Amino acid sequence: MLKVAIIGSGPAGYYTAEGLLKQFGSGVEVDIIDRLPTPFGLIRNGVAPDHQSIKAVTRRYEGTQLGGNVRFYGNVEVGDAVSMDELRGLYHAVVLATGAPEDRPLGIPGDAKPGVIGAAAFVGWYNGHPDHADLNPPLDTEAVAIIGNGNVALDVARVLVKTPDEMAASDLTRHAAEIIHRSPIRTIYIIGRRGPLQVHFTPKEVGEFGELGEAVPLVDPEQLPEEGAERQLDDPGLRKTVGQLRQFANRSPGEKARQIRFLFYARPKEVLGGNRAEGLRLERTRVDGAGQALGTGEEFDLPAGLVITCIGYRTLSIPGVPFDNERGRFMNEDGVIAPGLYCVGWARRGPTGTIGTNRPDGFLIAEKIAASGVSGERPGRDGLEALLRQRDIWAVTFDDWKRIDAAEIARARIGAPREKFVRVDEMLGVVSPQGRSDL
Ligand code: NAP
């Protein structure tokens, strides 16, 4: 029996488990360990609350969970409850599917001021991640600056300007909705250090801005490339996106109460303000033939009581596991870190791609494990459970999660899919009346 531990229960973790079941069938025992009592990682805590159709992929992960010899151990933190060395001793293979939960630093003067918040924290807050339940972002501001031209920047802007009605069918957490929906925001700047031809947005996500109830997207026509320039682009998605941005140049600022201003060719230089963020100093850029942003020396300031950086994420390093600090992910060759130790998803390739990109990535790791020719007996699950019992660690099982899930669904406001618990104690409180599950 092959025994594999996967650390992290997000898409990369579950696709790896699916790949292992496909490769080994009943010949594999897969244990998925997560530090939260809830599974599904980025699907629950990262995907925007108004993008419920994307979240439906959890049904597939549930199929994997129930479709083979797979167990979930939630509320178990590797490095605390159990060490990496112990896991590597217990299992034939350990797969790090730990994602990239940390924000890339902006690294400009003033970026530590209150009111400068990274997307990992901000998105985690509105999605109910327990780590960020107390973030309390200063949304008592008329102007917000969002830095970055990727889909995370679009998610954040959209969630901030959608009306309560537009969010009615979402699982935006109540604590966030209360603050967001009474915010006096009038202007959101989405700031790119390069131009419209270099954005990372995808067309569907940009298209949603054309249909907002109370907010109008605006692009300065002067910042658009020459008519037809996008025809030179290889990527059809990007061609379409640029076409959509062109349409935003025809919109009128007074149409709606709120404006989303796409500002291109602007590089953040300094966060302005006294003891909290009050604005942003930017330097105008131009893009050279190689697509690089070059500073022009010309600076300008924007008001912003809240600055949200959406400039990419980093994986958390683990003592003893080789880490590429520059790229913010584990050192690896096609997902192999060392014999018996693998990484997958964002922990392997950095924070790129869609949820679906993790599927071939997970399957590849399963193939790598198959090709590694593991042999000998390992304690696997029995050894893990013995350690957890010995240390009195409360591991949340998949059945326990289903009770938390049912309780969240039961307390949802009308029209919403669920009302998430945002604190680990509340989650465990749902499980505790029937006592801990036996390991
Ligand atoms: P991203 O797509 O890599 O975009 C990061 C943006 O930040 C880029 O525009 C980058 O500009 C900019 N940036 C980086 N460092 C900067 C700096 N120091 N100053 C100013 N700008 C800086 O990352 P993301 O938006 O975090 O998204 C992560 C992944 O999740 C992506 O693959 C994304 O597509 C995916 N995602 C998908 C969805 C969806 O499908 N609905 C939703 C959310 C996220 P340069 O290009 O100049 O480096």
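Here is a short chat about a ligand site and a pocket in a predicted model.

Q: Hi! What should I know before we start on this predicted model?
A: Residues are numbered from 1 along each chain as its sequence is written, and side-chain values use heavy atoms, with hydrogens and water left out. In this predicted model, local features need pLDDT of at least 70 and side-chain atom pairs count only at pLDDT 80 or more, while totals for chains, interfaces and linings use all residues.

Q: Thanks! Which residues come nearest to the ligand?
A: Arg193, Arg194, His200, Glu205 and Gly353 do, out of 18 residues around the ligand. A residue counts as near if one of its heavy atoms lies within 4 Å of the molecule.

Q: And which helix gives the most to that shell?
A: Helix H7, residues 151-161, with 3 residues. Helices here are DSSP runs (H or I, at least four residues), numbered from the N terminus.

Q: How far is Glu205 from a nitrogen atom of the ligand?
A: A polar side-chain atom of Glu205 lies 2.9 Å from that nitrogen. A polar backbone atom of Val152 is 3.1 Å from an oxygen atom of the ligand. Polar contacts are pairs of N or O atoms within 3.5 Å.

Q: Switching topic, what volume does the second largest pocket have?
A: About 320 Å³. A pocket is an open set of points on a 1 Å grid over the protein atoms alone, where a 1.4 Å probe fits, with protein on both sides within 12 Å along at least five of seven lines. The volume is the space filled by probe spheres set on the points.

Q: Which helix supplies the largest share of its lining?
A: H14, with 4 residues; lining residues have an atom within 4 Å of a point.

Key. Polar contact = N/O pair within 3.5 Å; in protein donor to acceptor, adjacent residues only side chain to side chain. Helix = DSSP H or I, 4+ residues; strand = E, 2+ residues; numbered from the N terminus.
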